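Thanks, everyone. I have one chain to show you today, and I will go through it residue by residue. Please have a look at the screen.

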Amino acid sequence: MRAEYLLSAGSWYAKPMVDFDATHISLDGVREKGAGGVGLNVRGSDETVLSATPALELGAQFGNPQGTLVRPYLRGGATFYDDPDFVLLASFEGTPGGVGPFRIASATDDVLANIGAGVYVIGVEGASFRLYYEGRFGDLVEQHAGGIKATLPF
């Protein structure tokens with residue numbers, strides 16, 4: 001879910017926004033076969049991670065006499081996670097009775113910095129072009145994404 005508000009001043013704008021996300025991860029259990037007593041049994045797990053991402057986008061809109069619009073923008077913000085740790089329980093097939101499973105824990109950043117930049121070019125005949133970059137950075141995570149999208153009417 002996103003909430004945003006557009007503040008404009010001539011051809012320039014500022015857009016404060018906040019995204020609220022819920023991500024549910026469901027993992028089935030796994031039972032290793034053919035390894036005898038050392039076969040690994042991993043229990044299934046369900047996790048729901050909540051996050052909030054406040055950000056600010058700054059951009060502009062420029063046009064030429066033929067009607068083509070160019071909209072460059074920059075965006076910056078951060079994502080805050082409620083619980084970025086994932087835990088699985090596992091045991092070996094030959095584990096004696098009364099011995100509990102062991103924990104497999106994976107942790108990631110609880111805060112990520114987000115940056116983005118891009119440009120939209122919109123033609124008068126309905127053709128458009130978008131070029132963008134998005135990056136997410138933390139102590140343990142570094143993600144980069146980019147894309148090009150073109151739309152041509154026919």
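Let me start with a question: where does Gly34 lie? Gly34 sits in a loop, the one between strand E4, residues 30-31, and strand E5, residues 40-42. Keep in mind that this is a predicted model.

Is Gly34 buried or exposed? Gly34 is exposed, because its relative accessible area is 86% and the cut-off for exposed is over 50%. Now take Gly34 together with Val70. They are 36 residues apart along the chain, and 61 Å separates their C-alpha atoms.

That distance brings me to the whole chain. What elements does the chain have? There are 13 strands and 0 helices. From the N terminus on, the order reads β-β-β-β-β-β-β-β-β-β-β-β-β. The radius of gyration of the chain is 24 Å, while the globule rule gives 15 Å for 154 residues; the value is well over the rule, so the chain is more spread out than a compact globule. Along the principal axes, the C-alpha trace spans about 80 × 35 × 25 Å.

How much of the chain counts as buried? Of the 154 residues, 19% do. Next, the contacts. Take those between residues at least 6 apart in sequence: 54% of them join residues at least 24 apart. And the charges: the chain carries 18 negative and 11 positive side chains. The centres of these two sets lie 5 Å apart.

Now back to single residues. Arg31 is exposed, because its relative accessible area is 55% and over 50% counts as exposed. What does Arg31 touch, leaving out residues up to four places away in sequence? The list is Leu40, Asn41 and Glu93. With two of these, there are polar contacts between side chains: Arg31 to Asn41 at 3.3 Å, and Arg31 to Glu93 at 3.4 Å. Thr48 is another matter. Arg31 and Thr48 are 17 residues apart in sequence, and their C-alpha atoms are 24 Å apart in space.

On to strand E3, which covers residues 12-27.

Asp19 comes up here, in strand E3. Why does Asp19 count as buried? Because its relative accessible area is 17%, and buried means under 20%. Beyond residues up to four places away in sequence, Asp19 touches Met1, Arg2, Ser51, Ala52 and Thr53. With Arg2, the side chain of Asp19 makes a polar contact of 2.7 Å.

Ser26 also has its place in strand E3. Ser26 is partly exposed, because its relative accessible area is 47%, which falls between the 20% and 50% cut-offs. Again leaving out residues up to four places away in sequence, Ser26 touches Ser45 and Asp46. Look at Asp46. Ser26 and Asp46 are 20 residues apart in sequence, yet C-alpha to C-alpha they are 4.5 Å apart. Their side chains are joined by a polar contact of 2.7 Å.

To wrap up: a predicted model, with 13 strands and 0 helices, and more spread out than a compact globule. Thank you.

Notes: Residues numbered from 1 in each chain as written. Predicted model: local features only at pLDDT ≥ 70, side-chain atom pairs only at ≥ 80, totals over all residues. Heavy atoms only, no water. Helix = DSSP H or I, 4+ residues; strand = E, 2+ residues; numbered from the N terminus. Buried < 20%, exposed > 50% of the residue type's maximum accessible area, 1.4 Å probe, protein only. Contact = heavy atoms within 4.5 Å. Polar contact = N/O pair within 3.5 Å; in protein donor to acceptor, adjacent residues only side chain to side chain. Rg over C-alpha atoms; globule rule 2.2 N^0.38 Å. Lys, Arg positive; Asp, Glu negative; His and termini not counted. Charge placed at Lys NZ, Arg CZ, Asp CG, Glu CD.
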